[in-house]
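The structure is shown first, and the text follows it.

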Amino acid sequence: MRTTSRGLFAALALTPLLAGCFSSGGSQSAQGSGDGRLRVALAVPPVQALSPYSNDATVLSKLSVTEGLTALDENGAAAPALATSWTQANPTTWTFTLRKATFQDGTPVTAESVVNALGHANSAATKPRVLSDVTLTAKAAGASTVTLTTKTPDPVLPLRLASPALGILSAKAYGANGAVTPVGTGTGPFTITKLTGKTSATLDRYDGYWGGKAKAPGVDVTWIADGTARANALRSKDVDVAEWIPTSQAKLLDAATRHEVPSVRTDSLVLNTRSGTFADAGLRAAARTAVDGSALVGSVFGGYADAGQGLFGPAVSWAKADRVAVTGRPAAAKVAKGTTVRLATYTNRAELPEAATVLQQQLEKAGFTVRQDVREYTQMEADLLAGKYDALVFSRVTLLDTGDAVAYLASDFTSDGVYNIAGLKDAKVDEAIKSAAAEGDSAARHKKIMRAEAEILRTDAVVPLVHEKVVQGIAANVEGVLLDPRERSLVDSGTHLK
């Protein structure tokens with residue numbers, strides 16, 4: 001197991017169960033094929049055919065298909081991945097030295113291939129969230145040396161490069177009109193050999209992996225959006241690993257297969273500030289005072305959550321000590337009869353629809369008329385970003401993109417943020433996030449992040465509800481699954497059936 005390439009995880013040493021039932025040929029058997037392949041059930045089907053420039057990038061990281069120049073270690077610091085080392089020449093210039101490695105199509109990883117990959121990410125029609133607050137230029141400084149420059153100082157650039165969205169792919173990955181595919185073009189220990197729409201994928205071991213052969217010969221992935229169905233698949237031994245077990249199902253699993261993970265995931269009520277009901281700051285304040293996230297902890301999450309403390313919860317170790325009191329909020333307006341709220345959420349996380357029902361009751365008690373729209377996330381993402389809802393019950397991993405909270409704040413809450421579902425445009429928020437982004441000292445950066453949190457909460461664009469504890473389902477004969485609070489890692493070269 002490579003502890004330098006996956007952040008904040010614990011390896012599991014568990015006892016025997018039955019072997020995998022999805023063979024590389026796609027056959028199924030409750031008794032398992034006996035070929036040692038891992039069978040994994042994931043929750044959120046691909047949005048864009050596993051494009052790294054979408055939320056699908058996390059899947060590529062979870063399954064160890066792609067790698068960046070850097071990774072996150074157990075403490076969330078930048079660690080070597082495709083780059084063995086790096087130096088900073090000045091506030092805007094960094095040099096990275098590459099290791100000897102090959103892509104899964106057999107071509108070598110060179111400085112030119114890294115420049116090509118980062119160039120495509122930077123020019124993508126939908127730019128990866130991790131690049132929403134930085135302008136990045138890459139140049140080859142030698143066969144195995146890359147120089148990266150930023151328009152403004154970026155003290156956490158090595159952390160940024162660990163983002164799943166900045167995985168380095170071979171030249172073969174990039175097609176016409178911005179098309180990009182990770183099938184057979186990554187550098188990780190597992191290579192995608194087949195992707196079947198939004199239902200399944202076949203991964204085989206890549207024997208040329210620079211870190212050594214993976215212990216498992218391959219991984220067979222199925223996407224099961226329904227949480228109860230994922231739990232049932234684990235119980236019936238149809239899969240070996242099932243992520244995101246619903247809290248209602250967790251206690252129904254055998255204790256040996258149920259694994260609780262402290263998470264940096266926060267569930268919030270996001271309010272659309274650009275149009276509709278909650279363009280009115282007073283009505284946003286009325287909604288904020290009406291909802292009570294603590295009511296969800298026991299009723300919806302079965303105790304697998306903490307009441308919302310802010311954008312960052314207990315799993316972010318420095319947040320509590322540096323938290324800043326929120327001031328300057330507008331007074332709650334009186335809710336006029338018939339004031340309608342279009343409330344959205346998605347089914348991929350089983351608790352969210354139930355949470356939305358509780359929030360609907362709380363909002364209606366305050367005088368709002370609420371209409372729910374509940375669908376699978378992939379069916380509603382475009383509408384969310386287009387501002388077609390008034391409110392969203394949303395579950396967000398706050399340290400997903402880089403391990404640094406500034407990237408999350410910039411993408412979700414700045415005026416030009418690429419994932420700004422709330423449509424927030426607030427000069428004080430923009431300035432606070434910009435100030436945090438420019439800070440190189442980690443302790444001072446944390447303090448500025450929490451000042452930015454207070455500015456965001458002042459606007460009532462987002463109302464934190466709960467901080468989740470994730471439950472992962474893992475068969476007792478599986479060893480080496482990664483328990484990651486950031487939810488970026490799941491299977492790597494050390495994961496295998498006993």
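## Helix packing and burial

In α12, residues K428, V429, A432, I433, S435, A436 and A437 meet R445, K448, I449, A452, E455, I456 and R458 of α13, where contact means heavy atoms within 4.5 Å. The residues of this contact divide into 8 nonpolar, 1 polar and 5 charged; Ala, Val, Leu, Ile, Met, Phe, Trp, Tyr, Cys and Pro count as nonpolar, Asp, Glu, Lys and Arg as charged, and the others, Gly among them, as polar.

The model is predicted, with local features needing pLDDT of at least 70 and side-chain atom pairs counting only at pLDDT 80 or more, while totals for chains, interfaces and linings use all residues. Residues are numbered from 1 along each chain as its sequence is written, and side-chain values use heavy atoms, leaving out hydrogens and water. Helices (H or I, at least four residues) and strands (E, at least two) are DSSP runs, numbered from the N terminus.

Two packed helices are described by the angle between their axes and the distance between the axes. The table gives both for two pairs, with axes as lines fitted to C-alpha atoms, for helices over the stretch in contact, and angles from 0 to 180 degrees between N-to-C directions.

| Helix pair | Axis distance | Angle |
|---|---|---|
| α12 (residues 427-438) and α13 (residues 442-458) | within 8 Å | roughly 165 degrees |
| α11 (residues 405-413) and α13 | 10 Å | about 25 degrees |

The angle in the table makes α12 roughly antiparallel to α13 (over 145 degrees). Helices α11 and α13 are therefore roughly parallel to each other (under 35 degrees). The crossing of α12 and α13 is left-handed, that is, the near helix is turned anticlockwise from the far one by less than a right angle. Helix α11 also passes α13 in a left-handed crossing. Here A405, V406, L409 and F413 of α11 touch R445, I449, A452 and I456 of α13. These contact residues comprise 7 nonpolar, no polar and 1 charged.

Helix α2 (residues 111-123) has 13 residues and spans 18 Å from first to last C-alpha, close to the 18 Å expected at 1.5 Å a residue; the expected span is 1.5 Å times one less than the number of residues. Within α2, A111, S113, V114, V115, A117, L118 and A121 are buried (under 20% relative accessible area, 1.4 Å probe, protein chains only). Their cover includes β5 (93-98), β6 (136-142) and β7 (145-150).

V481 lies in the loop between β18 (478-479) and β19 (496-497). This residue, V481, is buried, with a relative accessible area of 0%.

Notes: Parallel < 35°, antiparallel > 145°, perpendicular 65-115°, else oblique. Buried < 20%, exposed > 50% of the residue type's maximum accessible area, 1.4 Å probe, protein only.
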